[in-house]
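Reader: I would like to learn how to read a model like this one. Please show it to me before we start.

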Amino acid sequence: LYTFINIPEFKPCFRFKLRDIVPAKFPMYLDRHHFHFFGNRDIQALYVSLGMLSFAEGIIGIFVPIFLWSLGYSLATILSFFLLNSIAFLVMSAALLPLIRKLRDITMIGASLPFLIAYYLGLHALAAYPWLFVVLPIVLAVHMLLYNVGYHAHFSGANDPSHVGREVGMRNMVSLLTRLAAPAIGGVLITQYGFPTAFTVGGIMLLASAIPLLFTTPHASAPGVRFTAVLRSIVDPTIRGFTWSGAGYAVVTSIGGIIWPLALFLTIGNLAQLGILVTIGFIGELLTTSAAGFLSDTTRRTLVLRAAASASAVVWAIRPLLDSPLTLGGSHLIGNAVVAVTMVAWSSQYYDIARAAPAPGAFILGREMLYHIARVTVIPLLILAATQLPQQQFLTASFLTASVCTLGFLVARIPLISKVEKGSAPVA
């Protein structure tokens with residue numbers, strides 16, 4: 001190395017470490033002042049676990065609505081599947097609260113993974129045992145409850161308040177990098193070997209994702225939280241705007257995760273090409289996620305959020321006009337890019353509020369319940385529309401609904417992170 005590169009700051013020698021050399025020339029990029037989270041063992045382990053989980057879900061997760069469609073279920077029936085999931089989540093939130101109070105965050109994350117594996121195994125057996133159509137949403141709800149509460153409790157306690165935007169951005173980047181090729185791989189696996197093979201590969205990765213959690217420090221997730229405190233956090237008037245944005249987020253993610261993949265598949269007609277298209281969308285997210293985290297910490301977060309949310313609403317509004325794989329691919333790429341910016345800014349505020357809340361566990365569980373309350377409200381309307389409207393008109397109505405709900409981010413009123421650090425309460 002020293003034969004070809006002249007580094008005057010170091011004496012020529014054959015024994016050196018890259019960490020000693022690179023900062024001398026590139027201190028800005030590798031100094032922990034800028035990438036401080038590399039020194040946080042809990043965050044590192046969480047990133048690794050999240051990356052493995054994201055890869056597994058990238059292989060099979062987006063194809064679940066298409067799998068149900070391939071079994072002959074109608075659009076209305078597929079939406080009913082996810083409606084059952086939201087209803088089960090709300091019921092389980094109340095039923096399992098005594099257990100959640102006792103479990104630590106890492107324990108909850110680890111305990112959730114067998115339920116996700118059972119969910120995917122059950123999907124594989126759904127054709128032979130149709131009664132699983134009612135059971136699987138409940139199994140998925142248990143996984144979502146344990147994982148989401150445990151994960152957000154752990155991340156909100158482990159992140160650095162002064163760099164929360166960048167840590168959320170890095171978290172999303174890790175997730176995107178690990179699942180970048182996953183949809184393409186999943187599409188090829190399903191095309192060549194069928195859904196069972198993709199489910200098996202994903203299940204193995206899900207099991208492996210629990211290993212990094214052994215190297216983290218567990219924390220109590222919701223000690224002493226009562227259900228009344230959870231309900232109060234949902235209707236808290238001081239964060240009313242943020243609550244409205246959360247309800248919009250829940251509806252948009254449902255349409256984006258259920259109806260949009262089906263629309264892409266119905267237009268493209270090929271799972272392998274669909275997987276490649278989804279991978280292209282991840283590239284769009286990757287290009288904007290890191291910058292979004294930096295802007296969220298250093299500029300007016302409200303401005304960033306509103307600009308990105310407005311752009312996302314426009315993308316959803318024009319999607320009914322697109323009818324070719326090329327235009328759909330461009331819409332998917334741009335849509336994912338602006339959604340990435342929106343979610344980094346919005347999620348940063350989520351963790352600011354969670355840290356400032358008197359009972360962070362109650363706030364986190366309350367947010368999860370809020371999302372499913374919004375879905376239980378809107379999905380029946382989508383089911384009704386699916387039964388009454390022609391398919392193209394239903395898709396148009398769904399995309400316009402997502403466009404309107406995206407505008408909910410405009411009322412979130414995100415404050416600068418420095419204001420939160422100085423003690424002012426987050427405002428709605």
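This is a predicted model: local features need pLDDT of at least 70, side-chain atom pairs count only at pLDDT 80 or more; totals for chains, interfaces and linings use all residues.

Reader: How many helices and strands does the protein have?

Author: Helices (H or I, at least four residues) and strands (E, at least two) are DSSP runs, numbered from the N terminus. In this protein there are 19 helices and zero strands.

Reader: What percentage of the residues count as buried?

Author: Buried means under 20% relative accessible area, exposed means over 50%, and partly exposed lies in between (1.4 Å probe, protein chains only). Of the 428 residues here, 54% count as buried. Accessible areas come from the Shrake-Rupley method with a 1.4 Å probe; for residues, only the protein chains shown count as cover. The protein has an accessible surface of about 18800 Å², and 69% of that belongs to carbon and sulfur atoms.

Reader: Which residues have the most contacts inside the largest nonpolar core?

Author: In soluble globular proteins, nonpolar side chains tend to be buried together. A nonpolar core is a set of buried Ala, Val, Leu, Ile, Met, Phe, Trp, Tyr and Cys residues joined through side-chain atoms within 4.5 Å. The largest one here has 117 residues, and Leu-68, Tyr-119 and Leu-123 have the most contacts inside it. Helix H13 (residues 240-268) gives this core its largest share, 15 residues.

Reader: What does Leu-68 touch?

Author: A contact means heavy atoms within 4.5 Å. Leaving aside residues up to four places away in sequence, Leu-68 touches Tyr-73, Ile-78, Phe-81, Phe-82, Leu-123 and Leu-126. For the whole protein, take the contacts with a separation of 6 or more: 85% of them are between residues 24 or more positions apart.

Reader: Which residues make the nonpolar surface patch?

Author: Like charges are joined within 9 Å, and nonpolar side chains (Val, Leu, Ile, Met, Phe, Trp, Tyr) within 5 Å. Here Ile-276, Ile-280, Ile-283, Leu-287, Leu-333 and Ile-334 make a nonpolar patch of about 530 Å². Helices H14 (271-298) and H16 (325-356) each supply at least two of its residues, and the largest share, four residues, comes from H14.

Reader: Is Leu-287 buried or exposed?

Author: Leu-287, in helix H14, counts as exposed because its relative accessibility is 67%.

Reader: Which backbone oxygen does the side chain of Thr-406 reach?

Author: A polar contact is a pair of N or O atoms within 3.5 Å; within protein, one must be able to donate a hydrogen and the other to accept it, and residues adjacent in sequence count only if both atoms are side-chain atoms. Thr-406 lies in helix H18 (residues 391-406), and its side chain reaches the backbone oxygen of Ala-402 at 2.7 Å. Thr-406 is buried, with a relative accessible area of 2%. Beyond residues up to four places away in sequence, Thr-406 touches Val-252, Ala-309, Ser-312, Ala-313 and Trp-316.

Reader: Where is Ser-80 found?

Author: Ser-80 is found in helix H5 (residues 75-95) and counts as partly exposed at 25% relative accessibility. Its side chain reaches the backbone oxygen of Ala-76 at 2.9 Å. Ser-80 and Pro-380 are 300 residues apart along the chain, with their C-alpha atoms separated by 7.9 Å.

Notes. Residues are numbered from 1 along each chain as its sequence is written. Side-chain values use heavy atoms; hydrogens and water are left out. Patches are made of residues with over 30% relative accessible area and no salt bridge: like charges are joined within 9 Å, nonpolar side chains (Val, Leu, Ile, Met, Phe, Trp, Tyr) within 5 Å. A salt bridge is a side-chain nitrogen of Lys or Arg within 4 Å of a carboxyl oxygen of Asp or Glu.
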